[in-house]
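Here is a short note for a colleague meeting this structure for the first time. Please read the points in order.

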Amino acid sequence: MQDENWALSADGLVKRFGDRRVVDGIDLQVPYGAVYGVLGPNGAGKTTTLRMLLGIIEPDEGHRRLLGRSAPRDASDRVGYLPEERGLYPGMKAREAIAFMGALRGLDWSVGRKRAAVMLEQAGLGHAVDSKIRKLSKGMAQFVQLLGSVVHQPEFLVLDEPFSGLDPVNQERLEALIRAERDRGATILFSTHVMAHAERLCDRLCIIAGGKRRFEGTVDDARALLPMKAHYVPRDPAPGIAALLPGDAQEERGGWRFTLPPAGIEGILVRLIDAGYGISGLSIERPGLHDAFVRIVGEADAEKAA
Amino acid sequence: MSRLIRQTLTIARRDFIATVMTPMFLLFLLAPLLFGSFGAVGSLGAQSVGQSAEGKERIYAIAAPADAARLRAADALIRPAVSRERGLPTLVTVAPAADPATQARTLLSNPDIDVPAVLYGPLDRPQLIHANPQSTTARYLAALAEQALRDSRANLGAGRLSRPTFARVERSSTSLGGKSAAGFFAVVSLFVVTLMLAGQAVGTMAEERSNKVIEVLAAAVPLESVFLGKLLGMFGVAVLFLAFWAAVGINIGALLPPDFAEGLSGIAPAIGIPGFVLLYILYFTMAYMLLGAVFLTVGAQAATPREIQMLSLPITIFQMAMFGFALAAIGRPGSWVALAAEIFPFSSPFAMAARAATSGEWWPHLVALAWQLLWVALTIVIGARLFRRGVLQSAGPKFRWFRRG
């Protein structure tokens with residue numbers, strides 16, 4: 001359901017390309033001030049969803065509301081966008097490119113130029129202020145475009161696969177920039193298929209697969225979809241130990257790895273100690289977002305195959 | 001609305017600067033100079049060929065001194081009345097030799113000069129020999145003989161009997177020829193300028209498509225603003241181009257002999273020179289915007305430079321069709337062809353510019369300008385929708401009926 005309390009809400013979005021339903025009834029609610037991740041495998045429909053949310057393309061069915069406006073374009077001056085396919089005019093200077101993108105969103109050109117110089121300096125690209133885009137490396141150009149998407153200080157920032165193509169140092173810089181934007185009060189929506197970034201940054205996320213939303217919640221909610229694992233290393237690895245462990249126990253890293261039963265691990269440990277195996281090491285492992293993602297997407301693939 | 005205008009102008013500014021601030025623009029700006037240079041080289045060549053023959057053509061009259069004087073007097077009287085294009089050779093009179101017929105044939109066959117015709121014999125029975133089967137110069141010599149004979153029978157000397165006075169008087173109304181010349185000038189010059197400048201709009205969207213900027217623009221700005229902005233940017237380039245050449249033309253005009261300006265004075269639009277200039281500027285704007293919007297729309301569908309190149313032929317044909325339509329309208333003012341050319345939006349600016357030359361009414365121009373402006377808007381909206389559907393693959397719910405149909 002759509003609600004004025006959400007910075008962005010979508011209800012039953014559908015998009016067909018020919019006979020294929022690329023996006024198939026997606027609902028989405030992004031709270032104000034949140035960092036929201038849209039996760040999914042390649043070809044899941046993430047980019048098409050984002051383009052519909054921004055009003056670049058129109059949905060075949062469904063409604064969306066962005067910053068209180070039912071026509072997303074009406075809020076375009078308050079929105080920043082980094083598309084998946086990066087695009088800048090190669091003949092423009094870095095400062096001009098950033099100011100141009102700000103001007104498209106209503107920022108005065110001269111203000112944009114001044115801000116661009118400061119932002120480039122802060123991003124460690126001060127030397128490139130007056131360099132033409134064609135002279136910059138791919139990563140640098142990508143960062144220039146990113147700065148262009150935030151130069152007008154948007155209330156809502158949409159980043160489509162922002163980390164792709166960046167080296168680890170620039171990925172760190174980008175994470176810092178996203179946090180800074182959140183601290184400034186912006187709502188941020190980004191898509192990715194790299195779980196580590198989502199795990200570190202997202203307050204909430206959704207997982208899309210096969211054009212449908214398969215999960216929505218926090219990172220912890222996603223992790224909670226899978227049971228915790230225990231890794232047990234016996235002091236005396238004598239034969240017959242497997243009979244005392246849960247059925248899915250597998251030998252791994254000099255010990256045994258198994259799913260933690262709902263009743264807890266105490267009963268298992270007591271049996272192992274009584275049988276004389278002892279405990280050399282024990283760790284409880286929380287499943288990662290990666291595991292949850294793989295399972296959710298795997299289920300979606302299985303559903304599609306069926 | 002102001003946001004829309006601001007966004008449109010942002011696009012226009014980017015396109016204008018991106019086009020003007022390049023070395024290629026200088027080449028484009030000076031392109032007419034290159035064309036002119038090639039033309040001048042060709043003309044000089046042709047002129048030198050012409051000059052080599054000029055002054056080496058004569059017509060001869062073999063006559064006794066008294067008749068020769070009468071023939072020269074008749075030549076002096078009639079020659080100025082004969083059109084300059086006739087290019088009559090100079091008349092030379094020579095005294096008859098023993099055998100005038102042989103003398104005439106010798107003169108006709110002179111290897112050093114061209115002699116198209118020779119007259120000999122008595123004036124009442126002049127003998128004319130000529131090389132060309134349909135020699136007008138021989139007829140001219142015959143007319144001189146007739147005039148000289150009449151003068152002789154009237155016992156007139158070589159002097160003039162009348163003393164004509166020549167005076168130039170301005171017409172109180174523009175001549176039909178002047179109106180027609182102004183109309184022709186309007187259509188041809190508008191066509192040449194739009195052919196040269198509006199065609200540039202074809203490839204402008206390809207730039208955004210190839211460097212992926214279109215996604216950034218489409219997210220921030222309505223596509224209609226993108227289209228209009230690009231059109232305005234290119235129009236700015238066209239205006240800069242024309243301003244440059246207008247300035248050059250005015251300065252060169254000041255150096256031309258007064259005869260040249262007198263020659264142009266024959267161009268007399270019915271609506272008056274100031275009104276004609278104003279309407280010409282407005283119709284140029286409309287022609288550029290209309291054809292530019294069509295080219296932009298068509299070009300935006302092209303994905304590669306090759307596709308754009310392939311589009312240039314149909315685009316030129318389209319322009320030629322509009323040009324031909326408007327030219328037909330000049331030839332038949334008030335006819336259904338003229339009316340159709342004035343109404344059809346893409347030929348309307350040309351035909352209406354021609355109308356400004358041939359008719360003094362103002363109200364049709366106000367209607368036409370509003371009509372053309374409407375079509376500029378319609379073309380841009382249609383172009384943006386086609387782009388949204390074809391390139392961004394976004395038909396939206398409004399077009400679902402169409403797809404199903």
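1. Chain A has nine helices and 13 strands. These are DSSP runs, helices being H or I with at least four residues and strands E with at least two, numbered from the N terminus. The model is predicted: local features need pLDDT of at least 70, side-chain atom pairs count only at pLDDT 80 or more, and totals for chains, interfaces and linings use all residues. Residues are numbered from 1 along each chain as its sequence is written, while chains are lettered from A and ligands numbered from 1 in the order in which they are written.

2. Of the 306 residues in chain A, 44% are buried. Buried means that 20 or more other C-beta atoms, placed from the backbone, lie within 10 Å of the residue's own.

3. Take the contacts in chain A with a separation of 6 or more: 70% come from residues 24 or more positions apart. Two residues are in contact if their C-beta atoms, placed from the backbone, lie within 7 Å.

4. Chain A puts 24 residues in contact with 23 residues of chain B. Helix α2 (residues 94-104) of chain A gives the largest share of chain A's side, four residues. That side divides into 13 nonpolar, four polar and seven charged residues. Here Ala, Val, Leu, Ile, Met, Phe, Trp, Tyr, Cys and Pro count as nonpolar, Asp, Glu, Lys and Arg as charged, and the others, Gly among them, as polar.

5. Why is α2(A) largely enclosed by the rest of the structure? Because 11 of its 11 residues are buried. Among them are Arg95(A), Glu96(A) and Phe100(A). The buried residues of α2(A) pack against α3 (109-122) and α4 (138-150) of chain A, and against α1 (2-20) and α9 (213-220) of chain B.

6. Just after α2(A), check Gly106(A): its phi is positive, about 95 degrees.

Technical notes:
Buried ≥ 20, exposed ≤ 12 C-beta atoms within 10 Å, placed from the backbone.
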